[in-house]
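Morning, everyone. Let me put the model on the screen, and then we'll walk through it.

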Amino acid sequence: MQVLIVLIVVVGLLALVALAMAVKVVKQYEKGVLFRFGRLVGTRSPGLRFIIPFAEVLHRVSLRVVTMPIQSQGIITKDNVSVDVSAVAYFRVVDAVKSVIAIENVNSAIDQIAQTTLRKVVGQHTLDETLSETDRINLDIRQILDITTAEWGVEVTLVELKDIQLPESMKRAMARQAEAEREKRSKIINAEGESLAAAALGDASDTMMAHPLALQLRNLQSLVEIGVDKNTTVVFPAPLMSTIGELGSFLAREATAAATSAQPSPTPVVTLGLPGSARVPAPNGATETR
């Protein structure tokens, strides 16, 4: 009797173990690939699935996007500059059967092929192109990876260069180049400013030649600007003082001329020496008496 009880317990335990091995759960972001005695049977969609213990094996494959960092690679560019470039790749499985049957470890394979592709593509570009045309390099790497990984049931969705490390000597050379470029632009802008200022001064000098008093008005304006700072000492240039004196003499002459033109000029007459004679004006301005 005791042997029968032990046998029942053992059978029950084996049944529970077999049931546990037969029940499989495929998550929503997974797809199951079922093998029966080593032969592919098909795929299983997400949910609760039952298999035959010891006869069937269910491989669960994740369909989510995987982020894979590509470790830094020492690369020599087309113009013989040594750089260290690291990147990151994003991929996902689109065919669960191929990802299990066509390759042993899809993640490791993509990591290795991404490193070699990164070294190959960057080596075909110069340093300036590597620094300025990263979008084109990313696209080239992605296209090469897509062609290779399509046989594995994997789609590479994105590849991005993450970091580019330059030698210290190259950093110093690029800093000097950037400084020289900024100095060149500064000199060009300064020369353009001098040219515009010279043209403006030429126009101003032409105006002052046509109107001499404009220069003195400009001097007076300068004095007004100096007076804003409440300075107690003002220095007048000698040409300004002489011009002020000449301006005063000019105004005085103009006032005298205006007063003279306002008075009526006397008419000269000629006086006759005979009794009852009249004074007649002579043509030469003298006076004759007739």
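First, a convention: a crossing is left-handed if the near helix is turned anticlockwise from the far one by less than a right angle, and right-handed if clockwise. Helices (H or I, at least four residues) and strands (E, at least two) are DSSP runs, numbered from the N terminus. This is a predicted model, where local features need pLDDT of at least 70, side-chain atom pairs count only at pLDDT 80 or more, and totals for chains, interfaces and linings use all residues. Residues are numbered from 1 along each chain as its sequence is written, and side-chain values use heavy atoms, with hydrogens and water left out.

Helices, then. α3 (residues 106-122) passes α5 in a right-handed crossing. The axes of α3 and α5 (residues 134-149) come within 10 Å and cross at roughly 140 degrees. Axes are lines fitted to C-alpha atoms, for helices over the stretch in contact, with angles from 0 to 180 degrees between N-to-C directions. α3 and α5 are therefore oblique to each other (under 35 degrees is roughly parallel, over 145 roughly antiparallel, 65 to 115 roughly perpendicular, the rest oblique).

Now the sheet. It is open, three strands, ordered β3-β2-β5, with antiparallel pairing. Pairing takes at least two DSSP bridges between two strands. β3 (39-44) and β5 (56-62) are the edge strands with a single partner each, so one side of each lacks a neighbour in the sheet. Twist averages 25 degrees from one strand to the next. Seven bridges join β2 (residues 30-36) to β5. In one of them, Gly32 partners Arg60 of β5.
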